[in-house]
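Here is a short report on one protein chain. Please keep the sequence and the model open while reading.

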Amino acid sequence: MSVSGLCQICESRQAQERCANCGTLACGQHYEDGKGLCVECAGQADPTQPSPSESEDVDINRL
């Protein structure tokens, strides 16, 4: 499959893949080859791996 455009996650690198779940264009750093998913969808599929946005915004007082 031919993918063209910028990565829709970092918006700075050339996209190389398209997420099989959400269709997001992703560069190599934001794509999980083994899963065929962008890092955001891969993080949702495997809750032990936080997505980039979740790791920055943690409410330590919620427990």
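What share of the contacts in the protein chain with a separation of 6 or more comes from residues 24 or more positions apart? Such residues account for 4% of them, a contact being heavy atoms within 4.5 Å.

## Basis

This is a predicted model, in which local features need pLDDT of at least 70, side-chain atom pairs count only at pLDDT 80 or more, and totals for chains, interfaces and linings use all residues. Residues are numbered from 1 along each chain as its sequence is written, and side-chain values use heavy atoms, with hydrogens and water left out.

## Overall layout

The protein chain has two helices and four strands. These are DSSP runs numbered from the N terminus: helices are H or I, at least four residues, and strands are E, at least two. From the N terminus, the order is β-β-β-β-α-α.

The protein chain has 63 residues, and 29% of them are buried. Buried means under 20% relative accessible area, exposed over 50%, and partly exposed in between (1.4 Å probe, protein chains only).

## His 30

His 30 sits in the loop between strand 2 (25-26) and strand 3 (31-32). His 30 is buried, at 14% relative accessible area. Beyond its neighbours within four places in sequence, His 30 contacts Cys 7, Ile 9, Cys 10, Arg 13, Cys 38 and Val 39.

## Cysteines

A disulfide is a pair of cysteine sulfur atoms within 2.5 Å. The count is zero. For Cys 10, the closest cysteine sulfur is in Cys 7, at 3.7 Å, too far for a bond. Cys 27 is in no disulfide either; its nearest cysteine sulfur, that of Cys 7, is 3.8 Å away.

Cys 10 is partly exposed, at 23% relative accessible area. Cys 27 is buried, at 1%.
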